[in-house]
Amino acid sequence: PVLDTEDAWVSVEGPVSIVELALEQKRIHYPLVEHQFVLCTVLYAIMRFSLKSVKPLSLFDSKGKNAFFKDLTSIQLLPSGDMDPNVLSIRQQFLLKVVSAAVQTLCSSQKTKEVSEEELFPFEKGKNWPTLAADLAQYLQVSEDLVKRHYVCELYSYGMDHLGEE
């Protein structure tokens, strides 16, 4: 972009402006940032629901694992469309665990009306974990329908038929 400056500012001495510093930065590789976001979301879900026996890096193939340790401005080879069936199975199990834990947390918070979930976790207000798991399924190449069906089954199994029907 072209930045026009007034003549009075041309002769000013001092540190470089933040705009000029920003323009000098290398451009990031956006798919690599998305890849990092998926890892952060996975780690947050593991922490939030205290999921045991989940190894976050097992959800990624060798290309995906290598991409985590590269500079965000570098163009990296990210996982392609063909995935190992074992990795896909691990991803599917993880997403189903997240949905099950989210429904269990929802039911337990509704049964104990003493403290609402929003009071326990104020920064999560409005976060819908099953929807987030379905969105994450796109990135992890798992069927969204499978995650949504599991969500409905979990709602019915916990006696929340009115939400399951929706």
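Helix axes are taken here as lines fitted to C-alpha atoms over the stretch in contact, and the angles between them run from 0 to 180 degrees between N-to-C directions. This is a predicted model, in which local features need pLDDT of at least 70 and side-chain atom pairs count only at pLDDT 80 or more, while totals for chains, interfaces and linings use all residues. Residues are numbered from 1 along each chain as its sequence is written, and side-chain values use heavy atoms, with hydrogens and water left out.

The chain has 9 helices and 0 strands, where helices (H or I, at least four residues) and strands (E, at least two) are DSSP runs numbered from the N terminus. Along the sequence, the pattern reads α-α-α-α-α-α-α-α-α. Of the 166 residues in the chain, 29% are buried; buried means under 20% relative accessible area, exposed over 50%, and partly exposed in between (1.4 Å probe, protein chains only). Among contacts (heavy atoms within 4.5 Å) with a separation of 6 or more, 72% join residues 24 or more positions apart.

The interior comes next. In soluble globular proteins, nonpolar side chains tend to be buried together. A nonpolar core is a set of buried Ala, Val, Leu, Ile, Met, Phe, Trp, Tyr and Cys residues joined through side-chain atoms within 4.5 Å. The largest such core holds 25 residues, and L51, F94, L95 and V98 have the most contacts inside it. Helices α3 (30-48), α5 (85-111) and α7 (129-139) each supply at least two of its residues, with α5 giving the most, 6 residues. Beyond its neighbours within four places in sequence, L51 is in contact with A45, I46, F94, K97, V98 and A101.

The axes of α3 and α7 come within 11 Å and cross at roughly 145°. The crossing is left-handed, a term for a near helix turned anticlockwise from the far one by less than a right angle (right-handed if clockwise). From α3, the residues E34, V38, T41, V42, Y44, A45 and R48 meet W129, L132, L136 and Y139 of α7. The residues of this contact divide into 8 nonpolar, 1 polar and 2 charged, counting Ala, Val, Leu, Ile, Met, Phe, Trp, Tyr, Cys and Pro as nonpolar, Asp, Glu, Lys and Arg as charged, and the others, Gly among them, as polar.

S50 is partly exposed at 45% relative accessible area, whereas S53 counts as exposed at 70%. L57 is partly exposed at 36% and, setting aside residues up to four places away in sequence, touches K65 and F68. Its C-alpha lies 9.6 Å from that of V42, 15 residues away in sequence.

Helix α8 (144-157) carries H150 as well as L146. A polar atom of the H150 side chain lies 3.3 Å from the backbone oxygen of L96. Apart from neighbours within four places in sequence, H150 is in contact with L96, V99 and S100. L146 is partly exposed at 22% relative accessibility and, with residues up to four places away not counted, touches Q92 and L96. The C-alpha atoms of L146 and L95 are 9.7 Å apart, although 51 residues separate them along the chain.

How values were computed: Polar contact = N/O pair within 3.5 Å; in protein donor to acceptor, adjacent residues only side chain to side chain.
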